[in-house]
Amino acid sequence: MCQFRRIWRLRDAFPESLGTQCYFGCMPLRALLLTILLLWPAAAHGSPDPLRAALDLFNTGRYQECYQLVSVYAQQHPESAAAHKLLGMNLYMLGRPVRDALGEMRKATELAPRDADAFYYLGRLYFSADNAPMALQAYEKTVELDPAHLKGYTQMGQTLEVLGRFDAAAKAY
C-alpha cells in the first residue's frame, strides 16, 4: 500500500476488488487533492487574504511575486481599490512605465475617493513622472482627506519648492 493511502486511510474509499493497489495511482490523487485545496475559497481553509499576502511580499521586496498575485486578484476583483493601489505601487517598483502605474493608481482613487494614501501614492507617481502640478493636486487632496498625513505635507512642501513657491512650501512643512 502506498504511503499516501496509509496516511489518509483512502483504502476504505475503494472497493475491496481493488485490493491494496490504488486504482487511480497515487500521484493523480495527490494532484486532485492539491487542486481542490488551491481552488477552495481562501476563507474556507484558513489561508491568508491574498491582498495581505501580496502586501507582505511587497514589503519584503519580492515585487515580481507580489505582481503575479495582485494582478490575478485585480482581474478577479476589478472593483478592489486596494488591489489597484498595490498594483500601481508594484508596477513602479518593478520599473515598468510610470504611465502604467499611474493608470492603476488613478483607478484606485476613482474606486476609493476617500483613501488619502491612494492620493499620496498618486502624487508620488506624478512627481516621479516630472508632473509637479498634478503631484501637488494629489498631495492637496491627501491632506484634505487626512489632515494628520505627515508624509503628504512633506511631499507637498517638496513639490511646492520644485514649483518655486517657497513661502507655501515653508507653510506645508
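Modeller: Here it is; keep in mind that this is a predicted model. Let's start with Glu144, which is exposed at 55% relative accessibility.

Biologist: What does the Glu144 side chain meet in a salt bridge?

Modeller: Lys141, at 3.7 Å, N to O. Lys141 is partly exposed, with a relative accessible area of 26%. Glu144 and Lys141 are 3 residues apart in helix H8 (residues 132-145), so about one helical turn separates them.

Biologist: How many salt bridges in the whole structure?

Modeller: A search finds 4. Another of them joins the side chains of Arg52 and Asp56, at 3.4 Å, N to O. Those two sit 4 residues apart in helix H3, so again about one helical turn lies between them. Arg52 is partly exposed at 43%, and Asp56 is partly exposed at 39%.

Biologist: Which parts of the chain does the Asp115 and Lys85 pair link?

Modeller: Their side chains form a salt bridge at 3.0 Å, N to O. Asp115 is in the loop between helix H6 (98-111) and helix H7 (116-128), and Lys85 is in helix H5, 30 residues apart.

Biologist: Lys85, buried or exposed?

Modeller: Buried, with a relative accessible area of 16%.

Biologist: Switching to packing. At what angle do H3 and H5 pack?

Modeller: About 20 degrees, with their axes 11 Å apart. That makes H3 roughly parallel to H5. The crossing is left-handed.

Biologist: Which residues meet there?

Modeller: From H3, Leu51, Ala54, Leu55 and Phe58. From H5, the partners include Leu86, Met89 and Asn90. The contact residues split into 9 nonpolar, 1 polar and no charged.

Methods. Residues are numbered from 1 along each chain as its sequence is written. This is a predicted model: local features need pLDDT of at least 70, side-chain atom pairs count only at pLDDT 80 or more; totals for chains, interfaces and linings use all residues. Side-chain values use heavy atoms; hydrogens and water are left out. Axes are lines fitted to C-alpha atoms, for helices over the stretch in contact, and angles run from 0 to 180 degrees between N-to-C directions. Angles under 35 degrees count as roughly parallel, over 145 as roughly antiparallel, 65 to 115 as roughly perpendicular and the rest as oblique. A crossing is left-handed if the near helix is turned anticlockwise from the far one by less than a right angle, and right-handed if clockwise. Contact means heavy atoms within 4.5 Å. Ala, Val, Leu, Ile, Met, Phe, Trp, Tyr, Cys and Pro count as nonpolar, Asp, Glu, Lys and Arg as charged, and the others, Gly among them, as polar. Buried means under 20% relative accessible area, exposed over 50%, partly exposed in between (1.4 Å probe, protein chains only).
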